[in-house]
Amino acid sequence: MSSEPGSPQGPEWQTVCRVCGYDDGVEPFWEHGWPNEGAICPCCDNEPDVSDVSVMGIRGYRGYWLGDLQGAPWRSPSSRPKDWDLLEQVAHIPTEWR
């Protein structure tokens, strides 16, 4: 992977949402450093390359999502596991995006 300015950075296959830590292990949010434009997080509603390209953008969106009147609402409530634990999920956020 190139390290030239403006070139995509990151792992080749990233299935973890940079905002909320959701990970189904199947749907990639980022592939080969590029956003998967068809992927939208069923938990926090993050769309790759919109709110998650910089740490500041991610933190802003994460704060908005966590501070919602409902407190971390799911975009697709039917996708929410019955034993869902917010703190466990956000622990999966890659260190470089916290």
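# Close-up views of a predicted chain

The accessible surface of the chain comes to about 6,100 Å², and 53% of this surface belongs to carbon and sulfur atoms. Accessible areas here come from the Shrake-Rupley method with a 1.4 Å probe; for residues, only the protein chains shown count as cover. The model is predicted: local features need pLDDT of at least 70, side-chain atom pairs count only at pLDDT 80 or more, and totals for chains, interfaces and linings use all residues. Residues are numbered from 1 along each chain as its sequence is written, and side-chain values use heavy atoms, with hydrogens and water left out.

View 1. Helices (H or I, at least four residues) and strands (E, at least two) are DSSP runs, numbered from the N terminus. Along the sequence, these elements follow the pattern β-β-β-α-α. Of the 98 residues in the chain, 39% are buried. Buried means under 20% relative accessible area, exposed means over 50%, and partly exposed lies in between (1.4 Å probe, protein chains only). Among contacts in the chain between residues at least 6 apart in sequence, 42% join residues at least 24 apart. A contact means heavy atoms within 4.5 Å.

**View 2. Three strands form an open sheet in the order E1-E2-E3, with antiparallel pairing.** The edge strands are E1 (13-14) and E3, each of which pairs on one side only. Two strands pair if DSSP finds at least two bridges between them. E1 and E2 are joined in the antiparallel sense over two bridges. The bridge partner of Gln 14 is Trp 30 in E2.

**View 3. Gln 14 sits in strand E1.** Is Gln 14 buried or exposed? Gln 14 counts as buried because its relative accessible area is 4%. Its side chain makes a polar contact with the side chain of Arg 18, at 2.8 Å. A polar contact is a pair of N or O atoms within 3.5 Å; within protein, one must be able to donate a hydrogen and the other to accept it, and residues adjacent in sequence count only if both atoms are side-chain atoms. Not counting residues up to four places away in sequence, Gln 14 touches Pro 28, Phe 29, Trp 30, Pro 94 and Trp 97.

**View 4. His 32 and Asp 45 each have a positive phi, about 55 degrees for His 32 and about 75 degrees for Asp 45.** Most residues other than glycine have a negative phi. His 32 is placed in the loop between strand E2 (30-31) and E3, and Asp 45 in the loop between E3 and H1. His 32 is partly exposed, at 49% relative accessibility. Asp 45 is also partly exposed, with a relative accessible area of 38%.

**View 5. Asn 46 lies in the loop between strand E3 (34-35) and helix H1 (55-66).** With a relative accessible area of 0%, Asn 46 is buried. Which side chain makes a polar contact with the side chain of Asn 46? The partner is the side chain of Asp 52, at 3.2 Å. Leaving out residues up to four places away in sequence, Asn 46 touches Cys 17, Val 19, Ala 39, Ile 40, Cys 41, Ser 51, Asp 52 and Tyr 61.

**View 6. Pro 48 is found in the loop between E3 and H1.** Its relative accessibility is 2%, so Pro 48 counts as buried. Pro 48 and Asn 36 are twelve residues apart in sequence, and their C-alpha atoms are 6.4 Å apart in space. Leaving aside neighbours within four places in sequence, Pro 48 is in contact with Phe 29, Trp 30, Pro 35, Asn 36 and Ala 39.

**View 7. Helix H1 has the buried residues Ile 58, Tyr 61, Arg 62 and Trp 65.** Seen down the axis of H1, these buried residues fall within an arc of 105 degrees, so they line one face of the helix. The arc is that of the directions from the helix axis to the C-beta atoms. The face turned away from the buried side carries the exposed residues Met 56 and Tyr 64. Helix H2 (86-90) is included in what covers the buried residues of H1.

**View 8. Gly 60 is placed in helix H1.** Gly 60 is partly exposed, with a relative accessible area of 44%. Gly 60 and Val 19 are 41 residues apart in sequence and 9.2 Å apart in space, C-alpha to C-alpha.
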